[in-house]
Every structure is written in structure tokens, then in C-alpha cells.
Amino acid sequence: MAPPAATLPQPAAADEAIFFSKLSKTNGTSNGTHVDKNEYDVLENYEGKYRFAPIEEAQVSRAMIKRYFNTMYERAVSDVVIIGAGSAGLSCAYHLGKSRPDLKVTIIEAGVAPGGGAWLGGQLMTPMVVRKPADRFLTEIGVPFEDEGPFVVVKHAALFTSTVLSRVLAMPNVVLMNATAVEDLIVREDFAGRQRVAGVVTNWTLVALNHDTQSCMDPNVITAPVIITATGHDGPMGAFSAKRLVSMGLLKELGNMRGLDMNRAEPAIVNGTREVAPGLIMTGMELSEHDGSNRMGPTFGAMMASGVKAATEAIRIFES
Ligand code: 48N
């Protein structure tokens, strides 16, 4: 049974009153009017106590809603959409975001956690092998490695992925929308009568994976003159665009990824990175399903070099 209220430790009313009276001058109220942020600097050690500035729960909701939906509104028309934030998609976003800061680059990633298959090396082991000359990309983004001659080793794959992700997210022209799936492609007839990819059809991933549980959970759209697809060869939606090109008749059939051969696979992916359909550039392991090239297993240099090449292809389109 709870002790009578009188014996409960009473909050220091005077202390709280003084504390909040100080903040009332800064109008730290829920109506979101301007507050003098300097007043909060003293909070770390306010009379010997660590205090947080007061908050109304609705302020938190509004801080997220305002920003997220402003971004959705603003990026409904993007310059480039990258489907997939794996090693190829992120390397592409880095090169594109850095080379063309004027372009609105929007990354759509189905997973809650971006990074695709690049959080680990092979068979859940943590080191990441990158064959030269792709180590130059690691040097450019500032990822340390051990040099083993023909290849280098990053001590943990997550060091690469978290670094390239942080560089990309810091770019003002690049937006990442994770937990969001591309469910289809927007395809229009261009002036030459060709079927041209002109955007993506999106939905929350949890919706996209559960369409058979509810009817008519219709999607959203983002238009862009260039789409870069980097959806990998496996995973819940692997090789998404390659498969969709077949089902919409823009590709006769899938090439289907061939067995592992590192020496054939990596140059095939990099040199095969290209505009596979008007308006659609393909990069990374999705190409192995589109073209039927070999897989390389746990080496990631081709993903980085292919991503950079896809960015270069996109820039070529904008500059042609
Ligand atoms: O890491 P992945 O799967 O793909 P890549 O091409 O960036 O890197 C591939 C690489 O990790 C390997 O597979 C290595 C080299 N192994 C080769 C081998 O021989 O096995 O990233 C693809 C990303 C993932 O994060 C998916 O969640 C995402 O794309 N994704 C999508 N995002 C939005 N909408 C979709 N429809 C969609 N489909 C996949």
C-alpha cells in the first residue's frame, strides 16, 4: 500500500517555480513562438542539477511533421531519384551530390536502415574487402583501411557505410526517404515516341509489403527526369526495376545473375553501368540480374565504382 501523501518527498516547489519563472521570460511555451535559446545554455548545471528545457509534447510532433512533409512536398518533383541506399546507391548519391549541388537528389530506401548489404563483409564477418583502384573512393570519403597490395581491407564494413551515409546526409541537396518503397515506375512516351522512365511510384514499405492485407492502399508519386536504380540482387525487393522492366515489356527477359567469379564480375558491373532504358540508369548488383553478369561475393569495390559511374551518367544526361 502506498505511504500517505504527507510522507512522500515533496518536489522543491520554490526551486521549480524559480526555474520555470526564468524560462517563462524566454517564452518557452507550446505556442512555438520565438524563444531566446541562450536562456537554455544554463540548463546543464542549473543549481547543481542537470535540467532539460521544458517541452510540450505537441512541439515534438510539429517539429517532425513540419520538416518531413515539407520535404515530401518539395521533393514531389526531384531532379534525380536514386532507388536503393546500398553501397552503390550511396556511392552514387555522394558523387552526384558533390559534383552537382544544384540538383535535387532524392534517395528512396525501402529499409528502415539504409546501407543495404554493406553493413557486413561476407558470411556475416565484419571486415570489408575493396579491390584496387576502388580504394580511391575510400580515400576520398575518408575511410581508413589496411593495404594488402591488390586490395585493401576496411576494418568494419559499417565504417564505410556509416561514413558514406553521413557524407551524403550532410549534403544540402540530397534527401533520404527510408522506410519508403518504390512500388512502380512512372513511364511516359517522349517526343520521339519512346517509353521513357519519368519518376517513381512510392508507398510506405510496410504498406508495400502488405497490400494483400488491405485493398486500395494507393501509392504516392515522385517525378524526375532521371531515375537511378540500385536495388541490388537480393532482399525483399531485390532487382526491383530490372524485374519491372520485364513485366512492363521494356526488357525482353532477365539475364539472371551468374555464378561467382570476382575477376569477371567486378569489371562487368562497373563497365555495364548505364542507362538501361530511357531515363533509367542501373548501378550495382541489380545489373547482374539485368545483364546476367557474374556475382563477385564479398568484395565491394565494384559497388563504389559503379555508383560513381552512374552519377557520371546522370550528369551526362543533364549536360547533354
Ligand atoms: O546493398 P544492396 O542490396 O545493393 P548494391 O547493389 O548497392 O550492393 C550490392 C552488394 O551489397 C552485394 O550484393 C555484394 C557486393 N555481394 C555480391 C554477391 O555476389 O552477393 O542495396 C540495395 C538497396 C537495399 O537497401 C534495399 O532495401 C533497397 O535497395 N531496395 C529498395 N528501396 C526502395 N524501393 C525498392 N523497390 C527497393 N528494392 C530494393
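**Helix packing and aromatic pairs in a predicted model**

Helix H3 passes helix H5 in a left-handed crossing. A crossing is left-handed if the near helix is turned anticlockwise from the far one by less than a right angle, and right-handed if clockwise. The structure is a predicted model, in which local features need pLDDT of at least 70, side-chain atom pairs count only at pLDDT 80 or more, and totals for chains, interfaces and linings use all residues. Residues are numbered from 1 along each chain as its sequence is written, and side-chain values use heavy atoms, with hydrogens and water left out.

H3 spans residues 87-99 and H5 residues 157-169. Their axes lie 9 Å apart, at an angle of about 35°. Axes are lines fitted to C-alpha atoms, for helices over the stretch in contact, and angles run from 0 to 180 degrees between N-to-C directions. From H3, Ser87, Leu90, Ser91, Ala93 and Tyr94 take part. They meet Phe160, Thr161, Val164, Leu165, Arg167 and Val168 of H5. Contact here means heavy atoms within 4.5 Å. By class, the contact has seven nonpolar, three polar and one charged residues. Ala, Val, Leu, Ile, Met, Phe, Trp, Tyr, Cys and Pro count as nonpolar, Asp, Glu, Lys and Arg as charged, and the others, Gly among them, as polar.

The chain as a whole has ten helices and 14 strands. These are DSSP runs, numbered from the N terminus (helices: H or I, at least four residues; strands: E, at least two). Of its 320 residues, 43% are buried. Buried means under 20% relative accessible area, exposed over 50%, and partly exposed in between (1.4 Å probe, protein chains only). Among contacts with a separation of 6 or more, 69% join residues 24 or more positions apart.

Four aromatic pairs are present. Rings of Phe, Tyr and Trp (its six-membered ring) pair if their centres lie within 6.5 Å; planes under 30 degrees apart count as stacked, over 60 as edge-to-face and the rest as tilted. Tyrosine 50 and phenylalanine 52 are edge-to-face, 5.3 Å centre to centre with 65° between the planes. Both residues are exposed. Tyrosine 94 and phenylalanine 137 are also edge-to-face, at 5.6 Å and 90°. Tyrosine 94 lies in H3 and phenylalanine 137 in helix H4 (residues 135-141), so this pair ties together parts 43 residues apart in sequence. Tyrosine 94 is buried at 8% relative accessible area. Phenylalanine 137 is buried at 7%. Tyr68, Phe69 and Trp204 form one aromatic cluster.
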